[in-house]
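Colleague: Could you walk me through reading a helix and its neighbouring strands? I'd like the general idea before each case.

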Amino acid sequence: MTQAEPDFFVLEYVTITKDPRTGLVVAIGGTEQAAGILQRTGGFLSAAGPRGNYHRLPHGLPIEQQRLKATTASHALLAAGHSVHLDPTLNMLTTPDGDREAALHYLTQLAERASAAKTSTAVAEVLTEIAAPVHGLLPLTREVILRAWIAASDLQSTASGEEPEPIAQLGSTATSLNEAARVIRHARNHAAHPPQPPQPPTTAPAPGRARPPASRRR
């Protein structure tokens, strides 16, 4: 006798995350009950999207306010029985130094991998992690310095009317990091394709000393 599977009442999944293009905190999915919880506990606003309605926090909220409202709404949804995925960067209950510790652990692992590399391919893999064009460590660091330079330049210029030399040097530092990443990628390409060992030269018979013809049997 085949036993039928029981029926479970499962509410629709809700995802709360930050849209990388607009920087808005959005909530996608869920039922009308979930929508009410988002609006009531998190201050989310209903919006019409190309694939249906969704919810978002108001424009211009400070980051800490975004995290507070997203965390509050997610816990209210969980308490009401909804399944929720909350972007870890919006979760106020995570360890404050968790991201920093993860970054330090990642750098330590890269250093260990470089020290333990036994092949050119292994070295190339480490260099790729450092200088990959989009997600490499150096390009990402350059992006941070570039944004800090722009922000500091705007603030210092507003206060004094001109950009102080130490702030101006941040722009040069960003350019230097870009050049360093290019050099590392060039080295990575050479490490990924090590030169082939030289082939032994082929010996050709000396001129005028051709092999004598084989003797014929009679």
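Modeller: Gladly! Let's begin with terms: a residue is buried under 20% relative accessible area, exposed over 50%, and partly exposed in between (1.4 Å probe, protein chains only). Helices (H or I, at least four residues) and strands (E, at least two) are DSSP runs, numbered from the N terminus. This is a predicted model, where local features need pLDDT of at least 70, side-chain atom pairs count only at pLDDT 80 or more, and totals for chains, interfaces and linings use all residues. Residues are numbered from 1 along each chain as its sequence is written, and side-chain values use heavy atoms, with hydrogens and water left out.

Colleague: Which residues of helix H1 are buried?

Modeller: An α-helix has 3.6 residues a turn, so residues three or four places apart point the same way. In H1 (residues 32–42), Ala34, Ala35, Ile37, Leu38 and Gly42 are buried. They lie on the same side of H1 because they cover an arc of only 160° around the axis, taken from the directions from the helix axis to the C-beta atoms. Exposed Glu32 and Arg40 sit on the face turned away from that buried side.

Colleague: What do the buried residues of H1 pack against?

Modeller: They pack against strands E1 (14–18), E2 and E4, and against helix H2 (63–79); contact means heavy atoms within 4.5 Å.

Colleague: How many bridges join E3 to E4?

Modeller: Two strands pair if DSSP finds at least two bridges between them. Five bridges join E3 (residues 45–49) to E4, and the two run antiparallel. They form a hairpin with two residues between them, and Gly49 stands opposite Gly52 in E4.
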